[in-house]
Amino acid sequence: MSTTTRRLTTAQALVRFLSAQYSERDGVRHRLIAGTWGIFGHGNVAGIGQALLEAGEDTMPFHQGRNEQSMVHAAVGYARQLNRLSAQAVTTSIGPGATNLVTGAALATINRLPVLLLPGDYFATRSADPLLQQLEHPVEADVSVNDTLRPVSRYFDRITRPEMLIPAALNAMRVLADPADTGAVTLALPQDVQAEAYDWPEEFFAERVWHVRRPAADPFELAEAVRAIRAAERPLIVAGGGVHHSEAETALKALVDATGIPVASTQAGKGSLRHDHPADLGGIGHTGTAVSDEIARTADLIIGVGTRYTDFTTASNTLFQQPGVRFVNLNITAFDAHKLAARPLVADARTGLEALAEGLSGHRVDAGYEAEYRAGRARWEEVVEAAYRAEDSAVPTQTQVLGALDVVVGDDDVVINAAGSLPGDLHKLWRARGPRQYHLEYGYSCMGYEIPAGIGVQQAAPGTPVWSLVGDGTYLMMPTEIVTAVQEGLPVNLVLIQNHGYASIGGLSEEVGAERFGTAYRYRAADGTFSGAPLPVDLAANAASLGMDVIRAKTVRELRDGLAAARASDRPTCVYVETDPTPTAPPAEAWWDVPVAEVASRDAASAARERYDGHAVERRRHL
């Protein structure tokens, strides 16, 4: 029996294959690989580059990036906005282009978000050896710089023969579409193999639909979870990013409305309930609200939904202090469901929440408990109002910048942040109006994520106002994709806060006895320290030079007006504001374990160690 074949290069075959892949969940289909980002060099220009040109935009849309790490961030923002149902590919040359992918790949895998990486690689035939940019390993000749992507990828393969692409490409799609196993997927493509022709079976290019499963709960695990919840007097739900990825917000609200169980949210899970729902306690953990952390300390049952319990969420294992506290973890991955010696409930978040609601029919928490957490909510709302309050003529503090933005945004706007002091302020104070509004990358907390992620979100949700919030330190890490936003006509809004240094780490440095060493953007003083005058940088002018419209705001009123003008614009717009450094954010309501020097000659470090030892005794292992 003969098989129809098509003669193409490996790169051409890969592009054709990717264009025919779809995901499907709940009867809705998406392109699984919706486009490809690329920067071309000698490792991919004649292979993947030529293949994309030959395929054309209708077959595989192409996006031109300026930095390889940024391209991955944009693809991650895109995938998150679409609940992991559609992803993008990123291609680079071999050499620094490939190694620049590592940070983005780590971010994607840590946050369980799909992205396909297609770096070039050295000649498989070794016909030219060593190549330009080749890392020669003296005892492992098959190692290339792409091997740095192995530990940060969920799946990795090197295609050293054309026919190897068939199983590798199918495995790559399997991982990208698997909600329990997704992350960065890397197919390293030697540049000679990319250009090599092969007779491909036509079946390889047939349309494939990858079903995104919603696994149901095991009946035994479900019964155990229901029994534990019914027995609890002070249960608390911790909503993680899995609620959003599963589109389980409605199921969560139905469960909470029926049972009265309050909800606290991780950074990834914030917005699982609308901020004004009477059971929404806001953020939890080190950057959480007072009411959320107070309830967490006295809860006798924690119900984790789609969370992996990072140290910020658990306050470095000091938060859940009730002596008999137990955990029920609903998670699509068994790895996370078993954390903290929990009763596992391995299932899709939406399916699991619906099953819990059915099993808990007629059950409701005590009215006194509801009254307690609702009163705590009301007290915290007063804290938020105080942090946001400002005179129109005042120079705004950072929290007052958030207050001004709070007035301007609509329910469907998306607010993006990842690093610095802003994540803490946002987690405590932001009033999330919709499930996709709060977009915080805090799994890797990667400086430089915000601007490229804004581009990815804008691609995924055309017409949606997108706000990338950055401080000066983060901006200087990676402003290059502003050029891409301008080129593509994507009206991303950049809120650029100038506070002359690494403000977040500066505050942490002071807390742990390092006295803000090396954290200010200032000239050197006579004693050699960075304590002189602020550097005369003009980041607003820099943004303008990259093609953005820029609005400079000096007062709260000017800031509000500028934000409103940016939201109404159809061009990429930067609102630039120098903030009053006076702290106005509420203090941390729970600890975070950052080890402090055990011995030191400086008083600040000695005092910090004494504070550290006082907190460290509260750590516990939940067994």
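**Pockets, cavities and overall build**

By class, eight nonpolar, four polar and six charged residues make up the lining of the second largest pocket; here Ala, Val, Leu, Ile, Met, Phe, Trp, Tyr, Cys and Pro count as nonpolar, Asp, Glu, Lys and Arg as charged, and the others, Gly among them, as polar. The model is a predicted one, in which local features need pLDDT of at least 70 and side-chain atom pairs count only at pLDDT 80 or more, while totals for chains, interfaces and linings use all residues. Residues are numbered from 1 along each chain as its sequence is written, and side-chain values use heavy atoms, with hydrogens and water left out.

This pocket holds about 220 Å³ of space. Of the 18 residues that line the second largest pocket, H275, D280, R377, W380 and E381 are the closest to its centre. On a 1 Å grid over the protein atoms alone, a pocket is an open set of points with protein on both sides within 12 Å along at least five of seven lines, a cavity is a set where a 1.4 Å probe fits but cannot get out, and lining residues have an atom within 4 Å of a point. Grid points are joined across faces, edges and corners, and a volume is the space filled by probe spheres set on the points. At least two lining residues of the second largest pocket come from each of β14 (280-283), α15 (367-388) and α17 (422-429), and α15 gives the most, with four.

Turning to the cavities, a search of the whole structure finds two of 30 Å³ or more. The largest cavity has a volume of about 60 Å³, and its lining includes R25, R84, D178 and H245. By class, that lining has five nonpolar, three polar and three charged residues. The second largest cavity has a volume of about 30 Å³ and is lined by I451, S468, A485, V492, L494 and M548. Its lining has five nonpolar residues, one polar and no charged ones.

What about the chain as a whole? The chain has 24 helices and 23 strands, which are DSSP runs numbered from the N terminus (helices H or I, at least four residues; strands E, at least two). The radius of gyration, taken over C-alpha atoms, is 25 Å, close to the 25 Å that the globule rule gives for 623 residues, so the chain is as compact as a globular protein of that length. That rule is 2.2 Å times the number of residues to the power 0.38.
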